[in-house]
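Me: Hi! I've just opened this one up and could use a hand finding my way around. Can we go through it together?

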Amino acid sequence: MLKRRVLPAGFLALLGSPALARNARGQGSFEAFLDGVRAEARRGGVRPATLNRALSGLRPNERVLELDRRQAEFTQTWPQYRDARLSPTRVEAGRRAYAENRTLLEGIQSRFRVSARVIVAIWGMETNYGGFTGNFNVIEALATLAWEGRRAAFFRAELLAALRILDAGNVSFERMRGSHAGAMGHPQFMPTSFERLAVDFDGDGRRDIWDSKADALGSIANYLARNGWREGEVWGFEVLLPRGFDTALADHRQPRAMAEWARMGVVRASGGGLPGSPGDWAIVIPGLSRGDDQAFVVGANFMAIRRYNPSNFYATAVGLLSDRVA
């Protein structure tokens, strides 16, 4: 249809960007891209009726591309990022959310052996405790990103998973709304994460991360439990580094025994020496590349949070928020 081929003026302007220019040369038209997705999904067992309803009338979404290039982890300093996510309003809302859902959270913590405070902190970071889960059409957003090409293979796999979720009836077409990157529901799961890690905690036979707090929070706990969470262990804490500390050692991929950091002169920011905790611990300085020197000792649970979002900004902010919500 001719109307579907007419792109908005703003999008035509974006076609001048290097990324889209590469895509236009490399993958052809958006319609041809969708034809390929449709064929691949059909081979994977998705019904034609589902594909027709999900893919008909789609067009690239200019706003998705704008937001993809404006992620806070890459545009804000650590103090800006930290202070925005640990605002008094967010902390107070977290305390209310924790108190109002205490029985549910205790049940989830008991089953998955994951800290309820960290579950609430991730909930708060992702959707402001379920207050806003996103307005983008997930299929449209993922199709835009998969076609645009910066991370084409990743987003194509997510798009195919989203089509399978619709085909299985886990969520209605109308309710499958989410972030510009295709993250869905209270926990902002990507479609492949939903397929692997979402749970039916309320026992109604459905995995509903959109409208069931029990399923959504249980799914966050299951995600962490399946990615190395250690029951009873802290995520980390703020430390002071000695004068002349080699910041090349501040790397989450270079863990050492706590005693070794203590011998180097690292101390707790709250006062006193480091605890004698077993296992390996790393030093991270989230804002190091931009001159900020706030440092933390982090352990295996920090790494579990980081698997939810592979950003030291994100994982540290989740840890700090979890310390404040209960």
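Reply: Happy to! One term before we start: a residue is called buried when its relative accessible area is under 20%, exposed when it is over 50%, and partly exposed in between. By that cut-off Tyr 129 is buried, because its relative accessible area is 11%. Keep in mind that this is a predicted model.

Me: Good to know. Where does Tyr 129 lie?

Reply: Tyr 129 lies in the loop between H11 and E1. Its phi is positive, about 60°, even though Tyr 129 is not a glycine.

Me: Is Asn 128 buried or partly exposed?

Reply: Asn 128 counts as partly exposed, because its relative accessibility is 43%. Asn 128 sits in the loop between H11 and strand E1 (136–137).

Me: Which side chain of opposite charge is nearest to Arg 90, and how far away?

Reply: That would be Glu 126, at 9.1 Å. A salt bridge needs a side-chain nitrogen of Lys or Arg within 4 Å of a carboxyl oxygen of Asp or Glu. Arg 90 has no salt bridge, yet it is buried.

Me: OK, so how many salt bridges are there?

Reply: The count comes to 15. One of them joins the side chains of Arg 156 and Glu 40, with N and O 2.9 Å apart. Arg 156 is in helix H13 (residues 152–168) and Glu 40 is in helix H4 (residues 30–43), so this pair ties together parts that are 116 residues apart in sequence.

Me: Are those two buried or partly exposed?

Reply: Arg 156 counts as partly exposed, at 23% relative accessibility. Glu 40 counts as partly exposed too, at 29%.

Me: Nice. What does Asp 167 pair with?

Reply: Asp 167 forms a salt bridge with Arg 47, at 2.8 Å from N to O. Asp 167 belongs to helix H13 and Arg 47 to the loop between H4 and helix H5 (48–55), so the pair links parts that are 120 residues apart in sequence. Asp 167 counts as buried at 16% relative accessibility, while Arg 47, at 47%, counts as partly exposed.

Me: And how about Arg 206? Which residue is its partner?

Reply: Arg 206 bridges to Asp 208, and their closest N and O atoms are 3.6 Å apart. Asp 208 is buried, with a relative accessible area of 8%. There is also a network: salt bridges that share partners join Asp 68, Arg 69, Glu 148 and Arg 150.

Me: Switching topics, helix packing. At what angle do H10 and H11 pack?

Reply: Helix H10 (residues 102–112) and helix H11 (residues 116–127) pack at about 115°, and their axes are 9 Å apart. That makes H10 roughly perpendicular to H11. The crossing is right-handed.

Me: Which residues meet there?

Reply: From H10 you have Leu 105, Ile 108 and Gln 109, and they meet Ala 116, Ile 119 and Val 120 of H11.

Me: What about H17, how many of its residues are buried?

Reply: Seven of the nine residues of helix H17 (residues 300–308) are buried, so the helix is largely enclosed by the rest of the structure. Among the buried ones are Phe 302, Ile 305, Arg 306 and Tyr 308.

Me: What covers them?

Reply: The cover includes H11, helix H15 (213–225), strand E6 (280–284), strand E7 (295–298) and helix H18 (312–324).

Me: Last one: Phe 155. What is it in contact with?

Reply: Leaving out neighbours within four places in sequence, Phe 155 contacts Leu 142, Leu 145, Ala 146, Ala 181 and Met 190. Phe 155 lies in helix H13 and counts as buried, at 4% relative accessibility.

Technical notes
Residues numbered from 1 in each chain as written. Predicted model: local features only at pLDDT ≥ 70, side-chain atom pairs only at ≥ 80, totals over all residues. Heavy atoms only, no water. Buried < 20%, exposed > 50% of the residue type's maximum accessible area, 1.4 Å probe, protein only. Lys, Arg positive; Asp, Glu negative; His and termini not counted. Helix = DSSP H or I, 4+ residues; strand = E, 2+ residues; numbered from the N terminus. Axes fitted to C-alpha atoms, helices over the stretch in contact; angles between N-to-C directions. Parallel < 35°, antiparallel > 145°, perpendicular 65-115°, else oblique. Left-handed = near helix turned anticlockwise from the far one by under 90°. Contact = heavy atoms within 4.5 Å.
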